[in-house]
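Subject: Structure for your files

Hello,

Please find the structure below, with the sequence alongside. My notes on what turned up follow after it.

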Amino acid sequence: IDYLGSALVLASVGTVIFGLLQGGQAWPWFSAPSIAVFVVAALLLALTVWVERYAAEPVLPGWLWRRPVHWGSNLAVVGMGLVMMGPNLYLPTFLQSVHGLGAIGAGMVLASMSLGWPAASALSGRIYMRIGFRDTAFVGAVLILLGSIGFLLLPEPEWVSAVVLVQVVLGAGFGLLSTSLLVGLQSTVGWNQRGVVTGANMFSRYLGQSLGAAIFGAIFNASVAVRLMQAPEQMAGELPKNVNDIIGALHDGGTGPATATYLRAAIDLATRHLFAGMAAIAVLVLLVLLAVPRQFPTVPQENG
């Protein structure tokens, strides 16, 4: 078992996530602590690559990153994981603070993503048997892009029913992309390497989700923080001191109507910034998928 490699992967990725979460919050992005954290992360990543090259059974074999079908598919899954965390983390906050939904209502809107995901996953088999694994994933990425742009095009205040539709479209995109690439990658290797490609694909997805939590957290917090600094002077006494206190201030009723409206608009704008980021990542996923072979080099599987 590649204990050292596993520990280094955990340490390097964890350091990157720590830097993304703390940058712009605990310290400025270009401060000495921030630079030091990312330098340490880079050194750990370099050490991880070196150790994995000489490990007898590396947790992430080098051939996974030399074949376009593998590194391209896994990088696309990283992008999918990134996009997933935008609505998962902040859509309930948006619905509760801006639209006044309760926790159950906001959760049901978020859960509508699970309507499109399993339906698309179930249909993906018929689709990739017709047009191939890469093109099926490409269709999924297009749906993710359309869902992200769709939210940005919604008029203010957004209809909750339209937000539900956006979630269904996003779920369908995730289902097509994730299922087709996972099955496609499994078909490119024999049974003795099936666990390796499956584990690498799942690792890529969870890596994307971890990075997405940090990146979208930074985007949301930065957007709201800017709005707090730009607030009119007459609101200064009622405004929360930091981003974390905004939701409490809105739900406790400790602010005047004008201030509450301003804070809701700040959360609305920050959420739109998240979906703009999601759309940008979806475009990158589409570009990455263009580097993946249209026809996956499948390996015949032995029976028994």
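A nonpolar patch on the surface is made up of V283, L284, L287 and L290, which together have about 380 Å² of accessible area. Please keep in mind that this is a predicted model. L287 counts as exposed because its relative accessibility is 52%, and the cut-off for exposed is over 50%.

The largest pocket holds about 580 Å³ of space. Its lining consists of 22 residues, and those closest to the pocket centre are L45, V49, L60, W65 and F203. Two or more lining residues come from each of the helices α1 (3-22), α2 (32-54), α3 (68-98) and α8 (194-229). Of these, α2 supplies the largest share of the lining, with five residues. By residue type, the lining of the largest pocket has 14 nonpolar, five polar and three charged residues.

Last, a residue in another helix. V139 sits in α6, a helix that spans residues 133-153. Is V139 buried, partly exposed or exposed? V139 has 37% relative accessibility, so it counts as partly exposed; that class lies between the limits of 20% and 50%. V139 and V226 are 87 residues apart along the chain, and 36 Å separates their C-alpha atoms.

Regards

Terms used. Residues numbered from 1 in each chain as written. Predicted model: local features only at pLDDT ≥ 70, side-chain atom pairs only at ≥ 80, totals over all residues. Heavy atoms only, no water. Patch = residues over 30% accessible without salt bridge, like charges linked within 9 Å, V, L, I, M, F, W, Y side chains within 5 Å. Areas by Shrake-Rupley, 256 points an atom, 1.4 Å probe, with all protein chains shown as cover. Salt bridge = Lys/Arg side-chain N within 4 Å of Asp/Glu carboxyl O. Buried < 20%, exposed > 50% of the residue type's maximum accessible area, 1.4 Å probe, protein only. 1 Å grid on protein atoms, 1.4 Å probe; cavity = no way out; pocket = protein on both sides within 12 Å on 5 of 7 lines; lining within 4 Å. Points joined across faces, edges and corners; volume = space filled by probe spheres on them. Helix = DSSP H or I, 4+ residues; strand = E, 2+ residues; numbered from the N terminus. Nonpolar A, V, L, I, M, F, W, Y, C, P; charged D, E, K, R; others polar.
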